[in-house]
Amino acid sequence: MQQTNTIYKDIVLIGGGHSHALVIKMWGMRPVAGVRLTLISAAVDTPYSGMLPGLVSGHYSFAQTHIDLAKLCMWAGVRFICATVRGIDTSSKSIALLNRPDIDYDLVAINTGSTPNIQRTVGAAQFATGVKPIAEFYQKWQQLKENLQHATQPLNIALVGAGAGGFELICAMQFAWSQLKEQTSSPLEHQFHWIISGSKVLGNHNLEVQKKALAKCRAAQIKVHFNFYVEEVTANSLIAKSLAPDNTSNEEFKRETLAVDEVIWCTAASAAAWPKAAGLNTDQQGFIAVNDYLQSTSDSSVFATGDVACQINHPSPKAGVFAVRQGPILFKNLGAAILQRPLQLYRPQKTFLSILATGDRHAIASKSQFYCSGRWVWRWKDFIDLKFMAKLTEFSDQPPMQIQPVDPVLSGLLTHPKTSQISIFKRLHYLFKGLPNVSEEMRCGGCGAKVGSSVLSAALHKVRSDISVHKRSDIIVGLESPDDAAIIDTGQRALAQSVDQFRSIIDDPYLFARIATNHALSDLHAMACEPQSALAIVAMPHAAETVQKRELYQLMYGIIEELNKAGCTLTGGHTSEAIELSLGLAVNGLVDRQTDNYAFTSKTGIREGQQLIITKAIGSGVIMAAQMQLKARGQDVQSCIENMLQSNQTAANILKAHRCTTMTDVTGFGLIGHLIEMLRGTELSCQLSLSKIPLLNSAAALSVQGIESSLFEKNFAARRFISNAEQWRDSPQYPLLFDPQTSGGLLAWVDADVAEQCQQALRDTGYPLAIIIGEAFINSADIPRDKSDLQHAIQPSITIS
Ligand SMILES: Cc1cc2nc3c(=O)[nH]c(=O)nc-3n(C[C@H](O)[C@H](O)[C@H](O)COP(=O)(O)OP(=O)(O)OC[C@H]3O[C@@H](n4cnc5c(N)ncnc54)[C@H](O)[C@@H]3O)c2cc1C
């Protein structure tokens with residue numbers, strides 16, 4: 001989890017490339033006190049490129065070849081934000097993200113890699129699959145394998161690109177097919193084509209390596225097409241201008257067409273457009289120009305490494321090996337830059353060892369004029385790669401370093417309004433005499449613990465300029481004209497109120513705010529009330545004002561975004577300082593009067609024969625507990641977050657449209673706890689179909705490992721209401737019935753005649769897992785009576801089937 005020390009500065013890493021993975025690992029061992037490190041990555045799992053061909057060949061699993069960035073960050077105390085960067089404003093030091101608010105930084109490092117140049121060839125973007133982003137390529141490869149297997153006639157698969165990556169991939173694909181062919185006894189002879197624009201393969205390698213590679217292609221019956229410069233890709237062909245074989249003749253280019261069924265694009269690396277658009281110096285291809293400290297030549301608060309960067313004094317080929325080597329220097333330089341200390345030079349090696357896998361557990365090693373090949377070379381590569389990956393994926397036994405108290409010099413520098421004005425004598429004084437450690441200073445409680453008004457007004461000002469606050473006509477005094485209290489007109493309608501508060505379950509304040517807001521609003525949705533207004537209660541961790549502003553901005557943005565979607569107005573709130581981030585919302589809803597009654601749904605009123613529907617998957621308690629213990633996969637945590645982010649509003653409307661009058665939301669008491677609340681006081685039992693209950697990915701597997709939320713034990717006491725609990729005790733899904741949920745789905749009872757239709761309507765409107773999971777029936781004569789509880793004399797009963 002995030003460090004609890006006071007935070008003064010933000011370093012943001014963009015892209016989970018090789019350098020950044022190493023920086024995060026090193027940060028876990030040696031964090032800089034007072035500094036928060038954040039990773040923004042478009043993907044949760046980032047591939048280790050050296051092992052990608054091995055994944056395609058079938059020698060490695062997905063998990064073996066990918067770094068789980070979410071887990072790595074969790075271990076290292078680094079904030080993880082899963083988002084795509086679309087731009088950067090270096091003057092305001094702000095990063096623009098796709099579909100979420102901007103993130104501000106003090107220092108930023110960019111390691112977003114490159115993609116093959118697919119845009120420049122007519123039709124390539126439409127009809128070919130780029131080898132990067134690798135997630136997309138891998139998905140395509142899975143589909144391609146299916147096609148190869150189920151084809152009715154031989155297919156032609158072409159790979160365009162004469163480099164090492166292209167060679168390894170074409171060999172890997174051909175090998176994977178040869179294995180599949182053997183396993184399925186397929187009679188088909190699919191043809192693999194390696195498309196080379198010039199007259200040479202592996203231009204950066206020595207002649208012997210090139211010969212070996214071609215011999216390998218011959219042996220594997222891969223057709224190599226030299227001098228085939230692809231000008232156009234169509235749905236079923238590659239069209240090329242073909243050069244004369246020796247490239248010496250002045251003849252007109254001939255046009256040539258090759259019939260193909262699939263095209264993989266693995267040509268030279270191209271740069272994303274946004275760094276140049278941000279005004280950063282770039283080389284001619286658009287790669288960020290960096291000096292020998294890996295620092296942008298136009299902006300000293302920007303660093304860049306890996307494929308996205310070009311070290312102006314020492315340009316190197318685009319290869320993962322450079323990104324790896326730059327990682328430790330980047331780590332040192334980010335720390336040094338934030339502390340205003342001297343930076344370290346990075347000198348790339350002139351030559352480097354490449355080991356090219358040939359698909360069949362053989363490899364060719366190449367360095368300058370040296371080469372060797374064979375099975376043992378593959379084993380050597382396998383050893384190096386697995387060792388590298390182990391560093392970034394196996395860390396549970398090495399706890400990261402505890403954050404040291406804030407470095408006095410650092411806190412002196414960082415808290416002083418004009419850092420440049422601190423004299424060297426003062427710095428030495430700080431160093432030897434020590435500064436009062438800000439994180440240990442006495443901080444006021446009560447009203448003195450309020451967040452400073454400048455923080456609040458700056459954050460509010462920025463939020464309101466970036467996202468408009470939904471305005472309702474019945475808010476008489478609200479945020480627009482802030483006063484001591486909000487004044488609200490409820491007209492003839494009844495007012496529904498609910499409040500919820502919890503501490504941050506994730507390090508991302510924007511997503512946390514959205515989850516907490518949905519969680520709070522869910523009570524109104526479950527009662528079919530119209531969300532009207534909300535008050536937010538925020539507790540912010542101690543931090544420098546700029547950092548608090550950033551945090552509050554993210555939080556307020558998330559709150560307003562979700563309230564706006566619900567048509568609910570934020571009317572005010574309160575912020576205070578605390579050890580950790582927490583957010584509460586008091587929400588108001590309106591209920592119409594219908595003749596003598598108010599038209600709201602409630603937890604009570606189940607009728608015999610009604611069917612029980614659940615709208616979302618359960619298991620968030622287990623997943624979040626596993627995340628804390630570094631036992632959850634980042635992907636599963638992301639799916640869980642997506643699940644928690646989904647509002648119950650549409651589901652509630654659909655349920656109501658299907659005559660539902662009894663519903664509740666599944667939260668802290670877990671499915672069984674909330675079901676019991678609904679059954680209490682009725683003469684009905686519930687027949688619950690355990691196998692139908694939708695579960696979040698890996699929730700059951702983690703639960704079997706004994707992982708449970710801290711509330712589980714209390715919720716588990718409710719098993720006494722399950723008539724056949726013993727019978728299901730060992731079922732992997734069973735413990736999840738008691739798993740506390742954050743922003744869980746709705747549990748709703750509908751009449752049997754509309755249940756199927758309602759289930760379908762829910763699935764059609766964004767609740768694909770909505771399902772009927774039970775039925776109400778009259779309890780048998782021997783209903784257990786709970787004498788101590790006179791109000792609810794009949795004990796609820798559930799039977800699992
Ligand atoms: C098949 C193949 C095999 C290869 N084998 C080798 C090899 O054996 N050895 C070698 O040295 N090189 C190899 N390479 C080259 C290697 O892939 C690249 O040079 C290397 O991946 C570059 O590393 P990087 O750290 O710069 O970026 P990457 O590894 O590409 O990582 C970039 C990361 O940034 C993320 N990202 C991208 N854009 C954004 C955005 N806008 N916002 C947020 N996140 C973003 C991506 O999701 C990704 O996680 C191979 C390439 C291929 C295609």
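The model is predicted, so local features need pLDDT of at least 70, side-chain atom pairs count only at pLDDT 80 or more, and totals for chains, interfaces and linings use all residues. Residues are numbered from 1 along each chain as its sequence is written, and side-chain values use heavy atoms, with hydrogens and water left out. Helices (H or I, at least four residues) and strands (E, at least two) are DSSP runs numbered from the N terminus. Two strands pair if DSSP finds at least two bridges between them.

**The sheet around β1**

- Five strands form an open sheet with parallel pairing, in the order β5-β2-β1-β9-β21.
- β5 (79-82) and β21 (302-304) each have a single partner strand, so one side of each of these edge strands lacks a neighbour in the sheet.
- From one strand to the next, the twist averages 20°.
- β1 (residues 9-14) is joined to β2 (residues 35-41) over 6 bridges in the parallel sense, and L13 stands opposite L39 in β2.
- Helix α16 (residues 545-565) lies across β1, β2 and β5 and runs at about 50° to β1. Such angles run from 0 to 180 degrees between N-to-C directions, with axes fitted to C-alpha atoms, for helices over the stretch in contact.

**The sheet around β12**

- Parallel pairing over 4 bridges links β12 (residues 156-160) with β18 (residues 262-265), where E262 is the bridge partner of I157.

**A strand covered on both faces**

- In β34 (residues 611-614), Q611 and I613 on one side and L612 and I614 on the other are all buried. Buried means under 20% relative accessible area, exposed over 50%, and partly exposed in between, with a 1.4 Å probe and protein chains only.
- β34 runs antiparallel to β37 (residues 746-750), with 4 bridges; V750 is the partner of Q611 there.

**Nonpolar cores**

- A nonpolar core is a set of buried Ala, Val, Leu, Ile, Met, Phe, Trp, Tyr and Cys residues joined through side-chain atoms within 4.5 Å.
- The largest has 90 residues, of which L671, L675, L688 and L737 touch the most other members.
- Helix α15 (residues 509-526) gives the largest share of this core, 9 residues.
- This core lies between domain 4 (448-598) and domain 5 (611-800) because both give residues to it; the domain bounds come from an automatic or database domain assignment.
- Apart from this core lies another, of 51 residues, including A70, L72, C372 and L392.

**T65 and its surroundings**

- T65 sits in helix α3 (residues 62-65) and counts as buried at 1% relative accessibility.
- A polar atom of the T65 side chain lies 3.2 Å from the backbone oxygen of S61, and the T65 side chain reaches the backbone oxygen of F62 at 3.0 Å.
- Leaving aside neighbours within four places in sequence, T65 is in contact (heavy atoms within 4.5 Å) with T46, P47, Y48, M51, L55, Y60 and M389.

Definitions and conventions: A polar contact is a pair of N or O atoms within 3.5 Å; within protein, one must be able to donate a hydrogen and the other to accept it, and residues adjacent in sequence count only if both atoms are side-chain atoms.
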